[in-house]
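Subject: Structure handover

Hello,

Please find the structure below. My notes on it come after.

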Amino acid sequence: MARSAWTDLLDPDEATLREALPEDVRPDALQHLLRPAQEDGSRVRPSIRSHGAYVIGTLLSAVAVPDEDVVYYQEVDFVLTRKRIVTVRKTPGARDPYPAARVADVCDMHKHELPPGQIAFHLVDDVAERYLDLLDDVDEEIDELEEHIDHWPAEKSRRRLSELRHDLLHIRKTLGPTRDAVREIVDGRVEVEGGLPFSRDAFPREIERLFATTYDKLLRATESIEFARDLLAAARDYQQARISIDQNEVVKKLTVIASLILVPTFIVGLYGQNFIRSMPELKWTYGYWWSWGLIIITTVLQLIYYRRKRWI
């Protein structure tokens, strides 16, 4: 997608990228723009920083896939000059790349061409909106976990808790630097070598105020993460308490079984002693049935007792 003020590239090769970028782009910045994206967003830290006569930004947009219970990351970079902005979208493995349709629609709605700094704002603002949408999806996943935690096997609940916790930690690691980068724009700290004029051309006061609304969205997203972590911690505590209760029930049943076996074992052991003269039941005609009756009666009495205690 190409406009006079905006050039959008998807997985460009080096020749295409060099043609679109300013001539004074540093080699390390070029290598960064050419580096393939990772599905898990590893080795990428969101930032917006000055490189002399241009500003380079790196953004990560997290996307939830509820059917697969996974979260992957879409990388989009941009290079901003006085007159142009070049966005570089990267395909993360087999996943879909970041869609620039929302930003394009906003640009098309304006009759006059938007300045590059304002296009950068709409790009960053769209990423912030996607974080809010993502956290809504995460909240739904936590609600599903809380709803089924009593019915799922303990291993499945534990695994899902671990996955959600890992996802929230990773989202927090990418959201925090994004928020800090936007804060630097709001504070007017994204300056360039040689003074302030280009900085004011790139991000005038009215655009900085627009970035303030994006910063507020990122703050709300950060608060949502903390709330989601609290919900997840509560679900984890409940699951651990449920496991403890289940273990107590098992211990109760084992205690009942051991007790039921203990008394008959004592009776059989008692009559298994070889003291004929001092054990009259051994010469009694009904001694065998007496021992069996004693075993049955004591067992029934124990069953009644444990039943009243609700142990069985």
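The model is predicted: local features need pLDDT of at least 70, side-chain atom pairs count only at pLDDT 80 or more, and totals for chains, interfaces and linings use all residues. Residues are numbered from 1 along each chain as its sequence is written, and side-chain values use heavy atoms, without hydrogens and water.

Sheet. Five strands are ordered β1-β5-β4-β3-β2 in an open sheet with mixed pairing (strands are DSSP E runs of at least two residues, helices H or I runs of at least four, numbered from the N terminus; two strands pair if DSSP finds at least two bridges between them). β1 (6-10) and β2 (47-50) are at the edges with a single partner strand each, so one side of each lacks a neighbour in the sheet. From one strand to the next, the twist averages 15° (axes are lines fitted to C-alpha atoms, for helices over the stretch in contact; angles run from 0 to 180 degrees between N-to-C directions). β4 (residues 70-80) and β5 (residues 85-90) run antiparallel, joined by 6 bridges; L80 has I85 in β5 as its bridge partner. Helix α4 (residues 116-148) packs on the sheet and touches β1, β2, β3 (55-65), β4 and β5 (contact: heavy atoms within 4.5 Å). The direction of α4 makes about 25° with that of β3.

I297 counts as exposed because its relative accessibility is 51%, whereas T298, at 18%, counts as buried (buried is under 20%, exposed over 50%, partly exposed in between; 1.4 Å probe, protein chains only). T298 touches V263 and I267, not counting residues up to four places away in sequence.

Regards
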